[in-house]
Amino acid sequence: MSPAVNDAPHIPVLLDEVLDALTITPGETHVDGTFGAGGYTRAMLGRGAKVIAYDRDPDAIANGQALVQAEPGLTLVHREFSGLDQALAAPVDGVVLDIGVSSMQLDQAERGFSFQGDGPLDMRMAQVGESAADFLNAADEAAIADVLYHYGEEPRSRRVAQAIVAARPLTRTGELAAVVRRALGYRPHDKKDPATRTFQAIRIHVNRELDELAEGLAAAERALKPGGRLAIVTFHSLEDRMVKRFFRERAGQLPGGSRHLPQQAAARAPTFTAVGKAVRAGAAELARNPRARSATLRFATRTESPAWSAGQGWAPGGELTQELGV
């Protein structure tokens, strides 16, 4: 069990930049779609906002109860952020999403997200459904290779998948890391552990993270009132490309055509404007928090136009995910 939120103060990455993007006015209602250890939520409450926070991890919900008791302006909801608009009574002034695994989850070896400490091969954020071990021990070699290639951008995915299948059954994070290192070659002084991409890919697959992000962006679009602000923090290129493409498309900044994809007509009214440039951590934050080096913040402001319907623009399995090869 992870430590309670009050016992483990947590400062999320790009906190000041996220608060600037949200431009909170006291009395507004904002959504923290990825509560985690409560870092963004605490900061938004400190600016005078009412906060509706979501998390699919039951540990995060349990650990957040002390903050709920201390803060009457906080509502904590146990659900995925892809359905955040379904639990709202009215449109909100802002939404923030911090995509990916949390430091709290990474630091718990028993959750199986990291190879830094040996633990069960789990990786489930919601702690239900198919685990990493279930997938790796049952899937065929081609399916494993596809996941590693598309979600981990592992160039030698077939070699790793072959090694995984040969080593089955796998039940521990240490076992998986050792298999990947043997398959790819590893020296202790190497700058990056070769198991990093494999662990990322399997985690993304088990938790449907890219589908969750696509659905969450559309849910935020529906949830925001005109003038509302959406701020997204991502930690790797797959996520960032999705967010960048979403904002460009919803702001009417459509790409030029190609021989494979004809020019698209701007037939729908833009739902976002004032799309900010990508923001990354400065030197001071990088010095105190190395995890911030891979973080990217993108943000935009909601227009008065109706949200695009589910059949418009890209969606999981649609144009964007095909473009990414997922």
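This is a predicted model: local features need pLDDT of at least 70, side-chain atom pairs count only at pLDDT 80 or more; totals for chains, interfaces and linings use all residues.
I started with two helices: H9 (residues 173-184) and H10 (residues 195-206) pack with their axes 9 Å apart, at an angle of about 130°. That angle makes H9 oblique to H10.

Next I checked the hand of the crossing, and for H9 and H10 it is right-handed.

Then I asked myself which residues make the contact. From H9 I noted Thr173, Leu176, Ala177 and Val180. H10 brings in Ala195, Thr198, Phe199 and Ile202. Sorting the residues where H9 meets H10, I get six nonpolar, two polar and no charged.

Is threonine 198 buried or exposed? I found a relative accessible area of 0% for threonine 198, and because buried means under 20%, this residue is buried.

What does threonine 198 touch, leaving aside its neighbours within four places in sequence? I listed Leu148, Val160, Leu176 and Val180.

Last, I stepped back to the whole chain. I counted 14 helices and seven strands in the protein chain. Of its 326 residues, 51% are buried. I also looked up the accessible surface of the chain, which comes to about 14,600 Å², and carbon and sulfur atoms hold 50% of that. For contacts between residues at least 6 apart in sequence, I noted that 67% join residues at least 24 apart.

Notes
Residues are numbered from 1 along each chain as its sequence is written. Side-chain values use heavy atoms; hydrogens and water are left out. Helices (H or I, at least four residues) and strands (E, at least two) are DSSP runs, numbered from the N terminus. Buried means under 20% relative accessible area, exposed over 50%, partly exposed in between (1.4 Å probe, protein chains only). Contact means heavy atoms within 4.5 Å. Accessible areas come from the Shrake-Rupley method with a 1.4 Å probe; for residues, only the protein chains shown count as cover. Axes are lines fitted to C-alpha atoms, for helices over the stretch in contact, and angles run from 0 to 180 degrees between N-to-C directions. Angles under 35 degrees count as roughly parallel, over 145 as roughly antiparallel, 65 to 115 as roughly perpendicular and the rest as oblique. A crossing is left-handed if the near helix is turned anticlockwise from the far one by less than a right angle, and right-handed if clockwise. Ala, Val, Leu, Ile, Met, Phe, Trp, Tyr, Cys and Pro count as nonpolar, Asp, Glu, Lys and Arg as charged, and the others, Gly among them, as polar.
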